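Welcome! Take a moment to look over the sequence and the structure, and then let us walk through a few of the parts together.

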Amino acid sequence: MLRLGSAAEAVPDLETHAAANPLREEAWRLLALSLYRAGRQGDALAALRRARAALTEELGVDPGPALRRLESDILAQEPALGEPERPAPSRPALRLAPAPRSEEGSAFVGRVQELARLEEAAGNAGAGRGGVVLVCGDAGMGKTALAERLARDLAGRGWTCAWGTAPETAGAPAAWPWAELLRDLAAAVPPAGGLAGRLGPLLHDSAIGLAGADVVTGRFRLHLAVGDYLAELADAAPLLLVLDDLHWADEETLALLIRLAGRLRDRRVLLLATFRQTEVPDGLAAALAALARHEPARIELAGLSPAEVAVLVRDTCAAGLDDAELSAIAERTGGNPFFTRETARLLDAEGLPAATRRVPAGVGDVLRRRVARLPGPVQTVLRDAAVIGRDADLRVLTDLAGDEETVIDAVEAGLAAGLVTEPAPGRIRFAHALVRDTLYAGVSRARRTRVHGRVAAALERHLPGEVAAIAHHYLESGTDPDKAVRYARRAAAAAEARFAHGAAADLWVRAVETLRSRGPEATRDRLEAEVAAIRASALAGQIVDARARRIAAIADARALGDVRLLARIIVAFDVPTLWTSREYGTLDLTVVEATGEALASLPETEPESRVRLLTTLAIESEGEQHDRGAQAAAAALRLARSLGAPELIALALNGAYINAYRSAEGLTERARFASELLDLATEHDLGTYRVLAHLQLQQTGVAALDLPAAHRHRAEGRRSPSSTGCRCSPASRTGTPPWCAPSPPARTRRSARSPRSAAPSAGPGSGSASAAWRCSARSACG
């Protein structure tokens, strides 16, 4: 109505709204503005005095900059106040999350050079030369604000903008930033039927992966579907995709970013990622190294200059500060925008004399002092919200507080204090991760445990589909082990559907430990969960952990006397492997003996399990002086061929290849096994085995001194879809999948133990051939 010039007609409704929401400063601002435009200047000033009284009495704070500025403008009878507010230009942005700050006090200051670099990158992307921009800086340095500013500018010029944020707390589904971003895009532009089905694991938390599907091929196809959908959108309008807080991102989020950086490089797409360069975990470090090949623009945010700090303080704080005081604030805050703004708000709340007597040493001190000024019930609700996470649903908070009015009052107080925002109806979000961290640190461990349990129960009632969050809170509380395990299983299955095996492994391990705490009566359930934990850990490249878990579980299964369960535990580790994964120079007698026991007890009517057990025995016995490993490999291959199951034949060929280093004739056998594996994997779309076959043929090419063939297979392996999941590092304990572990089989590493291994063609030997073999083997995975 204000925009239509109907200020007088708006006054009655605004009076009612302000009376019902006395702590909403925007309600008072609109009321005062309407009164002024209706020719009632005195009433407008009276309304502002009522707003000041309500905020002072209820919260102990003064009005914010918007109300203070309006009061000054009314007293000065600024001409601009008489003009109707013009509607903001519409933006084609599908979503900006967190929502761009609309409060007048959140000014964007400085960053002129950084914005110019972003505009340059956007110009290149708009011309069809897509790229990646990495924005890094300390906490509170303004990374998100800079990305929001760019998104607003580009949206105004016809770009489509979408946003995904990596959660700082556990409990979010795997690859959540991409799921969040894609769901917003799909809500506005639904993908076609076939593409929607391919995107299912990211668009729906309930989607389950195909049983028995090749892991890496499935992952590749999901990544390909995302690329296809985004490419279609970019054909209609340039696309800005923001991934915020990448330092908290999970493995699958980073893997998809790497994939799309190459897939969309010739499209009108700009990928912008933010992270804290002081908090770079190993996974992000590896992802940054992989992104380097795409030559991303890197912008490192330093502190604002003293002049920019002065502008920010004066925009946020009504207190009059001289140049010396502003300089002291700039020095104390290091130009950190968030720290600066919080310090300015503290000055507003406590007054200049009180605040300057003890200038806080850090942003945590500032936030704690600001929170301490709030009423006790408000502090309790905000701390409960911190236990929930960065975002909180008001229905969940109401269940925790037991009173909706208490929650609404706390939300309004938090909004007035600038501690929270309202990203959507019925939800609040902490204005910055540092706010949530400070509040969470103030909650005792005992209280956290209790609140986690109540949060889980409330989520079950109101948001039953958020299985990852429910699992997290039940696991943290420890109050209901049955529900903790049930939801952990569901969350792990959802993670596996997105091929996020690292996240799935973590959930399975938590479920195992929860069942372990229940004692002997839960042994069978615990071992069933252990099967999934072992396999997920192996698929995630956590080889050492997976082997250790298998050995421990084997002992428990043998004591239980269930041969089928024992067999499942043993073969849970049968992922494709280029080398044996046990410790150099050792024979794992526990695994070998247990496998022999299972084979002796398992009936012949279960041939699939027998193939897997025989292959396990073959791989575990490889390199020993006796022929047990080779005999087991041959038996597994015969049985698998008789069954005609492609995946089982591939598994058995893997074991046969590893056991073909026993003589000079082994080179011919290895080449034959690898060639058969390549043909089989290509025909039946077994992506993981296809890349394994290329690696094997690379090895045989080097051993035969056929370096052109070795290089050809290396190149083919790198082009394979499965190579997107092939991460090579110096040892499997750092997270390398077993099919990439760069160390030769036990037989070739023990030439002193057997004269047969000294033959030049038996495997990688000495001299230049060995050097070339090692070099090519290491380069095969990139």
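## Nonpolar cores

A nonpolar core is a set of buried Ala, Val, Leu, Ile, Met, Phe, Trp, Tyr and Cys residues joined through side-chain atoms within 4.5 Å. In this predicted model, the largest such core has 69 residues, and Leu397, Leu419, Ile428 and Trp508 have the most contacts inside it. Leaving aside its neighbours within four places in sequence, Trp508 touches Arg489, Ala492, Glu496, Ala529, Ala532, Ala533 and Ala536. Another core lies apart from the largest one and has 59 residues, including Val531, Leu566, Leu653 and Tyr661.

## A three-stranded sheet

Ile428 also leads us to a sheet: in strand 8, Ile428 is the bridge partner of Ala392. Strand 8 (residues 427-430) runs antiparallel to strand 6, and three bridges join the two. The open sheet has three strands in the order 6-8-7, with antiparallel pairing. Strand 6 (391-393) and strand 7 (420-424) are the edge strands, each pairing on one side only. From one strand to the next, the twist averages 35 degrees.

Helix 18 (residues 376-388) lies across strand 6, strand 7 and strand 8, and runs at about 85 degrees to strand 8.

Which residues of helix 12 are buried? In this helix (residues 282-291), they are Leu284, Ala287, Leu288, Ala290 and Leu291. These residues cover an arc of only 160 degrees around the axis, so they sit on the same side of helix 12. The face turned away from that buried side carries the exposed residues Asp282 and Ala289.

Among the elements covering the buried residues of helix 12 are strand 1 (131-136), helix 11 (251-263), strand 4 (269-275) and strand 5 (297-300).

Methods. Residues numbered from 1 in each chain as written. Predicted model: local features only at pLDDT ≥ 70, side-chain atom pairs only at ≥ 80, totals over all residues. Heavy atoms only, no water. Pairing = 2+ DSSP bridges. Helix = DSSP H or I, 4+ residues; strand = E, 2+ residues; numbered from the N terminus. Axes fitted to C-alpha atoms, helices over the stretch in contact; angles between N-to-C directions. Contact = heavy atoms within 4.5 Å. Buried < 20%, exposed > 50% of the residue type's maximum accessible area, 1.4 Å probe, protein only. Arc of directions from axis to C-beta.
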